[in-house]
Amino acid sequence: TMKPRIIGSSEVNVEDEKVAWWGAIFAAGTYWILGEDNDIDLLDKHISNVPPSLLVDPLAQTALAAYKCRNKVQTMKPRILEFHCHEASKILSETLILLQTNKPQPIVIMTLLLACDWLLETRMLSWQEEYKKMPAGYVNLEFLNLKSFQEDLTSLRKIAQFVPFATAKVFLYEATARLMAGASPTKTQQLFDRSLRHRSTRNFVICTKGKGEQSAVGLREHATALFMACKHLPMSLLSPPGIRAGMLAEAARTLEKIGDRKNLMQCYKLLKSITTNSSVTD
């Protein structure tokens, strides 16, 4: 039997090492999209073992820094995580500056979009964990570091100039920033609505469970916007009664369609709590 070739071994040439490493990076992104976080452990040692030829590659370093933050969001202490996110954000910004002199290739833009999305998602997930511990109406601005979140959002806007469908992400994260800051919910709701309206209908192939499936760009953002609106916006903005449950049901169908089981379970959990509370009040 043939032994698997390991990154860094003498059996693998330089180009093979680079391809294998990038393959592991993109595979990690796929696992996160599908909510299969546990499978990342199988890739982590390969991703951490960066081929020497990529140690001076700004794009690879950007992807690696963002990956490390996203991968540690559940295990790293918030302030340590924020430090690493800040460093990753600087690398991303510097890489974007380098690319301003020439029109970047589509694969480069998509990689930067992936890295930027990982950073923003990391900050959002970290905030959600802290939000659970906060008293109602309390906003921990010191921890949230909204300035850093806004800097990543600025990077996303720059990337979205090359990738039109990323506009939905921009509105989603703008709304999230307002939630973090405890800003007026009316404008926040409008941003969620804009994110929902800007979902692209262009098709692309994603890989789920070994087979290609057609999916519309922006489905995940669509589901996230519905979930975040239902979870964080005041009841008075989501009326008449029952609209919140309907939005969550739509989010659940969308998550089921793209195969994101982890967020699907969270959606079902929130839907159950809402329907239970509604039954009690009735």
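Helices, in the sense used here, are DSSP runs of H or I with at least four residues, numbered from the N terminus. Helix α11, residues 243-258, is one such run, and Thr254 has its place there. The structure described is a predicted model.

The chain contains 12 helices and 2 strands. Read along the sequence, these elements follow the pattern α-α-α-α-α-α-α-α-α-β-β-α-α-α. The chain has 282 residues, of which 46% count as buried. Among contacts between residues at least 6 apart in sequence, 64% join residues that are at least 24 apart.

Confidence was examined for the chain and for its elements. The mean pLDDT of the chain is 83, and a value of 70 or more is reached by 83% of the residues. Two stretches fall below 50. In residues 1-11 the pLDDT is below 50, and the model gives this stretch 14 contacts beyond near neighbours in sequence. Over residues 200-215 the pLDDT likewise stays under 50, and 31 contacts beyond four places in sequence are present in the model for these residues. Among the elements, the lowest mean pLDDT, 31, belongs to strand β1 (residues 203-208), whereas the highest, 97, belongs to helix α3 (residues 58-71).

Two packed helices are described by the angle between their axes and the distance between the axes. For helix α1 (residues 14-33) and helix α5 (residues 106-131), the axes come within 12 Å and cross at roughly 50 degrees. An angle under 35 degrees would count as roughly parallel, and one of 65 to 115 degrees as roughly perpendicular; α1 and α5 are therefore oblique to each other. The crossing in which α1 passes α5 is left-handed. On the α1 side, the contact involves Trp22, Ile25, Phe26, Gly29 and Trp32, which meet Thr111, Leu114 and Trp118 of α5. By class, this contact comprises 6 nonpolar and 2 polar residues, with no charged residues.

Apart from neighbours within four places in sequence, Thr111 is in contact with Trp22, Phe26, Leu59 and Ala63. Of these partners, Trp22 and Phe26 belong to the α1 side of the contact between α1 and α5.

Helix α5 also packs against helix α8 (residues 167-181), with axes that come within 11 Å and cross at roughly 25 degrees. This angle makes α5 roughly parallel to α8. Here, too, the crossing is left-handed. From α5, Leu113, Asp117, Leu120, Glu121, Arg123, Met124 and Trp127 take part, and they meet Lys169, Tyr173, Thr176, Leu179 and Met180 of α8. The residues of this contact divide into 7 nonpolar, 1 polar and 4 charged.

A further contact links α8 to helix α9 (residues 185-197), where the axes come within 8 Å and cross at roughly 160 degrees. The crossing of α8 and α9 is left-handed. Ala168, Phe171, Leu172, Glu174, Ala175, Arg178 and Leu179 of α8 form the contact with Lys187, Thr188, Leu191, Phe192, Arg194 and Ser195 of α9. By class, 7 of the residues in the contact of α8 with α9 are nonpolar, 2 are polar and 4 are charged. Leu179 of α8 takes part in the contact with α9 and also in the contact with α5.

Two other positions complete the description. Thr254, in helix α11, has a relative accessible area of 9% and is buried because this value is under 20%. Beyond neighbours within four places in sequence, Thr254 is in contact with Leu219, His222 and Ala223. Gln100, by contrast, lies in the loop between α4 (78-99) and α5. The relative accessible area of Gln100 is 57%, which is over the 50% limit, and Gln100 is therefore exposed. Gln100 and Lys158 are separated by 58 residues in sequence and are 10.0 Å apart in space, C-alpha to C-alpha.

How values were computed: Residues are numbered from 1 along each chain as its sequence is written. This is a predicted model: local features need pLDDT of at least 70, side-chain atom pairs count only at pLDDT 80 or more; totals for chains, interfaces and linings use all residues. Side-chain values use heavy atoms; hydrogens and water are left out. pLDDT is the predictor's confidence in each residue, from 0 to 100. Contact means heavy atoms within 4.5 Å. Axes are lines fitted to C-alpha atoms, for helices over the stretch in contact, and angles run from 0 to 180 degrees between N-to-C directions. Angles under 35 degrees count as roughly parallel, over 145 as roughly antiparallel, 65 to 115 as roughly perpendicular and the rest as oblique. A crossing is left-handed if the near helix is turned anticlockwise from the far one by less than a right angle, and right-handed if clockwise. Ala, Val, Leu, Ile, Met, Phe, Trp, Tyr, Cys and Pro count as nonpolar, Asp, Glu, Lys and Arg as charged, and the others, Gly among them, as polar. Buried means under 20% relative accessible area, exposed over 50%, partly exposed in between (1.4 Å probe, protein chains only).
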